[in-house]
Amino acid sequence: MTTSSNYSNLRDIWYTMIGIPGLEDAHMWISIPICSMYIVAVVGNTLLLFLIFTEHSLHEPMYLFLSMLALADIFLSTVTTPKMLAIFWFQEGGISFGSCVSQMFFLHFIFGAESVILLAMAFDRYVAICYPLRYTAILTPSVIGKIGIASIIRSFLICFPLVFLVYRLTYCGRNIIRHSYCEHMGIARLACDSIQVNIYYGVIVALFSTGLDVVLIIISYALILCTVFRIPSQDARLKALGACGSHVCVILLFYIPAFFSSFAHRFGGHSIPLHIHILLANLYVVVPPALNPIIYGVKTKQIQEKFIQVFSLSKKFC
């Protein structure tokens, strides 16, 4: 039997994720902030969903989009963090090829959907500030629902080819994944044939889907700023800018580390130490989901008030 036929059935191959290469001795310490942030992400976003869906006053377009973001954040952190913690705590890095590809698909799928949600939230702020009288007429529940469905469909159409791109490759025995979770280029680099198609597809997707989302978000905020600076009242200008502040923070938290991780994997070579790249990639899947509900909770008065109201009621019952 030839070497290639020995590895022709990918379902029989098991891989080992080693966590953060070079920092194995520090895995237990690294797991403490990651576990803490994962708990904050799940609890915080679940609480945010509860407040939005139970309080009728929060059934506005901005908060409905925020509920989509909270749901995506829960999924994003849950797809990766439990397995990551299993590696750090119990050295349980073993994973089948099929499970690894599934994790890869859902990771990129959720990321793509979240990018569309952030674009929709930028459009929401644009309509609210530039066309306030038509706000509820433009962003109806039907339109919001269609945007949510569109985010899922677009992300699926973009990410589904990744499954075929990794399955088409020839694998010849390398089964050590120098990462804490499975992602497209990490799997592709285990192959022993050319991965140029995988690299080109990843770059095209980054530029023409996520990159396009970023460009449209920038255009939305440029138009918002043009409108805001035409407002005669300084107080009104500050209020309008304050309404966008939380969204801008979330955008920066989401896109900057994502683009760094994506392009470092493809073009970073040896210029970026691997342990730095992997550590930042690990933090990326827990830090934004943990901070997003905090940012919106601190900067959004309505959410603050509802949280205090619910917390006060719970203390009375206790």
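**Figure 1. Overall dimensions of the predicted chain.** For a chain of 318 residues, a compact globule would have a radius of gyration near 20 Å, and the value of 22 Å found here agrees with this; the radius is taken over C-alpha atoms, and the globule rule is 2.2 Å times the number of residues to the power 0.38. The model is predicted, so local features need pLDDT of at least 70 and side-chain atom pairs count only at pLDDT 80 or more, while totals for chains, interfaces and linings use all residues. Residues are numbered from 1 along each chain as its sequence is written, and side-chain values use heavy atoms, with hydrogens and water left out. Along the principal axes, the C-alpha atoms fill a box of roughly 75 × 50 × 35 Å. The accessible surface of the chain is about 16000 Å², and carbon and sulfur atoms account for 71% of that area (Shrake-Rupley method, 1.4 Å probe; for residues, only the protein chains shown count as cover).

**Figure 2. Helices, strands and annotated spans.** The chain contains twelve helices and three strands, defined as DSSP runs numbered from the N terminus (helices H or I, at least four residues; strands E, at least two). In an unreviewed entry, UniProt places the feature "transmembrane region" at residues 26-51, 63-90, 102-123, 143-167, 199-228, 240-260 and 272-291; positions follow the numbering used here, feature names are shortened, and annotations may be inferred rather than shown by experiment. Residues 143-167 are 100% helix and 0% strand, with end C-alpha atoms 37 Å apart.

**Figure 3. The largest nonpolar core.** This core holds 90 residues, and those with the most contacts inside it are Leu 66, Tyr 171 and Ile 187. Its largest share, 19 residues, is supplied by helix α4 (residues 97-130). Such a core is a set of buried Ala, Val, Leu, Ile, Met, Phe, Trp, Tyr and Cys residues joined through side-chain atoms within 4.5 Å. Across the chain, 47% of the 318 residues are buried (buried, under 20% relative accessible area; exposed, over 50%; partly exposed, in between; 1.4 Å probe, protein chains only). Of the contacts between residues at least 6 apart in sequence, 80% join residues at least 24 apart, a contact being heavy atoms within 4.5 Å.

**Figure 4. Surroundings of Ile 144.** Ile 144 belongs to helix α6 (residues 141-167) and is buried, at 4% relative accessibility. Beyond its neighbours within four places in sequence, Ile 144 contacts Pro 61, Leu 64, Phe 65, Met 68 and Leu 139. Ala 120 is 24 residues from Ile 144 in sequence, with a C-alpha to C-alpha separation of 8.7 Å.

**Figure 5. The disulfide between Cys 100 and Cys 182.** One disulfide is found in a search of the whole structure, the criterion being a pair of cysteine sulfur atoms within 2.5 Å. Cys 100 and Cys 182 form this link, with an S to S distance of 1.9 Å, and the link is left-handed, at -110 degrees about the S-S bond. Because Cys 100 lies in helix α4 and Cys 182 in the loop between β3 (176-177) and α7 (184-188), the pair ties together parts 82 residues apart in sequence. Cys 100 is buried at 2% relative accessible area, and Cys 182 is buried at 1%.

**Figure 6. Cys 226 and Cys 35.** The cysteine sulfur closest to that of Cys 226 belongs to Cys 130, at 8.5 Å, which is too far for a bond. Cys 226 is partly exposed, with 44% relative accessible area, whereas Cys 35 is buried at 17%.
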